[in-house]
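The two exercises below are meant to be worked through with the sequence and the model side by side. Please try each task before reading its solution.

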Amino acid sequence: PVEFLTSYISYAKTKCQPKITQAASEELVRAYVEMRKLGEDVRAAERRITATTRQLESMIRLAEAHAKMRLAEEVTADDVIEAVRLIKSALKQAATDSRTGLIDMSLLTEGTSASERRRKQDLKNAITSLLNEMTRDGGNARYNDFGRRLSEQSSIQVESNEIVEALRALEQEGEIRIVGEGSRRSIRRLTGVS
């Protein structure tokens with residue numbers, strides 16, 4: 001069995017070079033266009049990328065590999081259909097946004113989903129708005145008072161590490177400065193105070 005498998009793999013690797021048929025080519029185009037259309041949601045503010053040229057290249061290679069497994073001379077539409085099924089299955093596992101349930105390729109390309117980036121931006125906006133309110137007369141906002149008021153105003157559960165991360169990002173962007181230590185720690189708004 002092992003010897004047969006070794007010779008089978010060697011033969012498929014060196015002697016089997018299947019060519020893509022016209023039907024397979026048409027199926028590749030149809031499947032790629034279909035995957036691209038999945039990102040066109042008229043209700044969404046931004047278009048989600050659901051298929052890239054890398055996925056198209058992967059479909060081609062998987063279809064060719066599927067034909068090689070059969071020791072076929074041609075890549076058929078059925079080979080493409082199996083390749084598409086494998087790609088969709090992999091994308092569903094690796095790129096599904098747990099918050100929305102939708103495939104979001106930015107999870108693969110950027111490591112974070114569009115909904116997560118929106119959530120972080122919304123939190124930063126809420127923080128700057130509250131800081132503007134708390135520092136309207138000048139001065140600083142006490143860190144503990146700020147955290148309490150932000151929690152009270154939030155309509156969704158916000159973890160303390162998310163707040164710290166947003167404050168750190170705002171500080172790096174030059175919007176705020178955190179000063180003092182311990183109970184005297186406060187937040188100074190550097191720009192945008194109205």
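Two residues are said to be in contact here when they have heavy atoms within 4.5 Å. The model is a predicted one, and both exercises should be read with that in mind.

**Exercise 1.** Describe how α7 and α8 pack, and find which residues of α7 meet which residues of α8.

*Solution.* Begin with the geometry: α7 and helix α8, which covers residues 160-172, pack at an angle of about 120°, and their axes lie 12 Å apart. Because angles of 65 to 115 degrees count as roughly perpendicular and those over 145 as roughly antiparallel, α7 is oblique to α8. The crossing of α7 and α8 is right-handed.

Next, look at the contact itself, where Tyr143, Phe146 and Leu150 of α7 meet Ile163, Val164 and Leu167 of α8. Sorted by class, this contact of α7 with α8 has six nonpolar residues, with no polar and no charged ones.

**Exercise 2.** Locate the largest pocket, and work out which element gives the most to its lining.

*Solution.* Start with the space in the largest pocket, which is about 240 Å³. The lining has 13 residues, and the closest of them to the pocket centre are Leu123, Ala126, Ser154, Ile156 and Val158.

Then turn to the elements: α6 (114-134) and α7 (143-153) are those that give two or more residues to the lining of the largest pocket. Of the elements, α6 gives the most, with six residues.

How values were computed:
Residues numbered from 1 in each chain as written. Predicted model: local features only at pLDDT ≥ 70, side-chain atom pairs only at ≥ 80, totals over all residues. Heavy atoms only, no water. 1 Å grid on protein atoms, 1.4 Å probe; cavity = no way out; pocket = protein on both sides within 12 Å on 5 of 7 lines; lining within 4 Å. Points joined across faces, edges and corners; volume = space filled by probe spheres on them. Helix = DSSP H or I, 4+ residues; strand = E, 2+ residues; numbered from the N terminus. Axes fitted to C-alpha atoms, helices over the stretch in contact; angles between N-to-C directions. Parallel < 35°, antiparallel > 145°, perpendicular 65-115°, else oblique. Left-handed = near helix turned anticlockwise from the far one by under 90°. Nonpolar A, V, L, I, M, F, W, Y, C, P; charged D, E, K, R; others polar.
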